Amino acid sequence: MNLNQLDIIVSDVPQVCADLERILDKKSDYVDDSFAQFTIGSHCLMLSQNHLIPLEDFQSGIILHIEVEDVDQNYKRLKEIGVEILHVPCETDWGTESLLVKGPAGLVLDFYRMKSAA
């Protein structure tokens, strides 16, 4: 088994894609009016407006966990571009330094790094 893709159903693919490009500081691999795709590490993050089944009033409840080298640098960058900070960088009980921001379409993005062992 290999989980390697995540498809998020959104109502405005181009807008959500543009917002994610800004927040992630990464261009999408592909985008049109109803589909977008990002390759992040070995995973594929897709945005779709329509899928095989209708999903009315879809609210994601999804947190995208993105490992970064420098949480503080991302905090400064995201704050400068006006992204809403949900939780400032902090050390968690499970061994990460974590920054939570509000993303488009009800998404939450967690920019984190593993704390080094002492």
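The largest pocket in this predicted model has a volume of about 330 Å³. A pocket is defined on a 1 Å grid over the protein atoms alone as an open set of points where a 1.4 Å probe fits, with protein on both sides within 12 Å along at least five of seven lines; grid points are joined across faces, edges and corners, and the volume is the space filled by probe spheres set on the points. Local features need pLDDT of at least 70 and side-chain atom pairs count only at pLDDT 80 or more, whereas totals for chains, interfaces and linings use all residues. Residues are numbered from 1 along each chain as its sequence is written, and side-chain values use heavy atoms, with hydrogens and water left out.

The lining of the largest pocket (residues with an atom within 4 Å of a point) comprises 14 residues, and Leu6, His43, Leu45, Leu64 and His65 lie nearest the pocket centre. Nine of the lining residues are nonpolar, four polar and one charged (nonpolar: Ala, Val, Leu, Ile, Met, Phe, Trp, Tyr, Cys and Pro; charged: Asp, Glu, Lys and Arg; polar: the others, Gly among them). Strands S1 (5-9), S4 (43-48) and S5 (63-67) each supply at least two lining residues, with S5 giving the largest share, five residues.

The protein chain contains two helices and eight strands, in the order β-α-β-β-β-β-α-β-β-β from the N terminus. These elements are DSSP runs numbered from the N terminus (helices H or I, at least four residues; strands E, at least two). Four strands form an open sheet of mixed pairing, ordered S5-S8-S7-S6, where pairing requires at least two DSSP bridges between two strands. S5 and S8 (residues 108-114) run parallel and are joined by five bridges; histidine 65 stands opposite aspartate 110 in S8.

Helix H1 (residues 13-24) lies across S5, S7 (96-102) and S8, at about 25 degrees to S8. Helix H2 (residues 71-80) packs on the sheet and touches S6, S7 and S8, its direction making about 15 degrees with that of S7. Axes are lines fitted to C-alpha atoms, for helices over the stretch in contact (heavy atoms within 4.5 Å), and angles run from 0 to 180 degrees between N-to-C directions.

Serine 48 belongs to strand S4 and counts as buried because its relative accessibility is 4% (buried, under 20% relative accessible area; exposed, over 50%; partly exposed, in between; 1.4 Å probe, protein chains only). Beyond residues up to four places away in sequence, serine 48 touches Asp7, Ile8, Ile9, Val10, Val13, Ser34 and Phe35.
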